[in-house]
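Hi there,

Here is the structure I promised to pass on. Have a look at it first, and my notes follow below.

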Amino acid sequence: MADSVRALRFGWWALAVGYATHCVAHVFMWGETPVGVRAGGTLAVVLVVVVRVMIDRGNAASGLALAVLGAALAAGLLLVHLPGYWGPFSQPWRGQVNLACWVTLGAAVAGGIAASVVAGRRVLVDQR
């Protein structure tokens, strides 16, 4: 069980650090960030904290929660920033931001994928 918690914490840190770097980009572009994107990002921060509490308390669903959150966050970030404008929860970045912003997006997506893979593997191992 200690190995599972350690692995989940590692995955959580990958998600949290990657997403935090992306949040910094939005802090510097706060005025240009649509309200829907701000709301979605704030909800994601809350969910990241909730999953950490679940992990620390040994909740049996924490691995699944981290796997789903990591995958959803990675997919959501790509959906918000890569396509053109599609609604209030989109902020197309193509041609609008510098390389540093793209690096933060990559870090957040990589963190989400890493968290999802680590947590997904732990869920599968723990079910045996």
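Val118 is part of helix α4. Please keep in mind that this is a predicted model. Setting aside neighbours up to four places away in sequence, Val118 makes contact with Ala7, Phe10 and Gly11. Gly70 sits 48 residues from Val118 in sequence, while their C-alpha atoms are 9.8 Å apart in space.

Next, the core. The largest nonpolar core has 25 residues, and the members that touch the most others are Trp12, Leu15, Ile55, Leu66 and Leu77. Two or more residues each come from α1 (2-28), α2 (35-56), α3 (62-81) and α4 (99-127). The biggest share is from α1, which gives seven residues.

Ile55 is worth a click in your viewer. Not counting residues up to four places away in sequence, Ile55 touches Val5, Leu8, Arg9, Trp12, Ser62 and Leu66.

Finally, the pairing of α2 with α3. Their axes lie 10 Å apart, and the helices pack at an angle of about 160 degrees. Since an angle over 145 degrees counts as roughly antiparallel, α2 and α3 are therefore roughly antiparallel to each other. Their crossing is left-handed. On the α2 side, the contact is made by Val37, Ala44, Leu47, Val48, Val51, Met54 and Ile55. On the α3 side, the residues are Ser62, Ala65, Leu66, Leu69, Leu73 and Val80. By type, the residues of this contact are twelve nonpolar and one polar, with no charged ones.

Best wishes

Methods
Residues are numbered from 1 along each chain as its sequence is written. This is a predicted model: local features need pLDDT of at least 70, side-chain atom pairs count only at pLDDT 80 or more; totals for chains, interfaces and linings use all residues. Side-chain values use heavy atoms; hydrogens and water are left out. A nonpolar core is a set of buried Ala, Val, Leu, Ile, Met, Phe, Trp, Tyr and Cys residues joined through side-chain atoms within 4.5 Å. Buried means under 20% relative accessible area, exposed over 50%, partly exposed in between (1.4 Å probe, protein chains only). Helices (H or I, at least four residues) and strands (E, at least two) are DSSP runs, numbered from the N terminus. Contact means heavy atoms within 4.5 Å. Axes are lines fitted to C-alpha atoms, for helices over the stretch in contact, and angles run from 0 to 180 degrees between N-to-C directions. Angles under 35 degrees count as roughly parallel, over 145 as roughly antiparallel, 65 to 115 as roughly perpendicular and the rest as oblique. A crossing is left-handed if the near helix is turned anticlockwise from the far one by less than a right angle, and right-handed if clockwise. Ala, Val, Leu, Ile, Met, Phe, Trp, Tyr, Cys and Pro count as nonpolar, Asp, Glu, Lys and Arg as charged, and the others, Gly among them, as polar.
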